[in-house]
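Please walk through the charged side-chain pairs of this protein. Start with the sequence and the fold below.

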Amino acid sequence: REASFSMPGYRVRDIVEIFIAGDTNKDGKISFEEFVSELKSKELSETFKKTIARREGIQSFGGLSGISSEGTQHSYSDEEKVAFVNWINKSLAKDEDCKHLLPMNPDGDSLFKSVKDGILLW
């Protein structure tokens, strides 16, 4: 919950059990090496991937340049996009330099098209 991610209690207990079993030296603590070993375990990694893939209202895409796209994932929520578009539309409605870009449609991808030339960002 602290990470804004809801998970049923039984699933949290399952993950705790997996990490307790991963305490290979039985010192009551998970070392970094033990933690990484458990994260790489097949069961946990498959569960994590399925859980992340289920997030609704989240758009994601790879990086735009060849350097940044390799292994990089960018994401935003639909709610964030709508909030930004509405705020920009309201704040810059009377700005002469932005007239050709506004108003943006919060339901489409006009935010991303409108910020391309940098005028809205300035």
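Why are Asp14 and Arg11 separated by about one helical turn? They sit three residues apart in helix H1 (residues 9-21), so about one turn lies between them. Helices here are DSSP runs of H or I, at least four residues long, numbered from the N terminus.

This is a predicted model, in which local features need pLDDT of at least 70, side-chain atom pairs count only at pLDDT 80 or more, and totals for chains, interfaces and linings use all residues. Residues are numbered from 1 along each chain as its sequence is written, and side-chain values use heavy atoms, with hydrogens and water left out.

Side chains of opposite charge can pair when their charged atoms come close. The term requires a side-chain nitrogen of Lys or Arg within 4 Å of a carboxyl oxygen of Asp or Glu. Searching the whole structure gives three salt bridges.

Now consider exposure. Buried means under 20% relative accessible area, exposed means over 50%, and partly exposed lies in between (1.4 Å probe, protein chains only). Arg11 is buried, at 13% relative accessibility. Asp14 is partly exposed, at 36%.

Turn to Lys99. Its salt bridge partner is Glu96, with the closest N and O atoms 3.5 Å apart. Both Lys99 and Glu96 are exposed.

Lys113 pairs with Asp109 in a salt bridge, and here the closest N and O atoms are 3.6 Å apart. Lys113 is exposed, with a relative accessible area of 57%. Asp109 is partly exposed, at 41%.

How values were computed
Helices (H or I, at least four residues) and strands (E, at least two) are DSSP runs, numbered from the N terminus.
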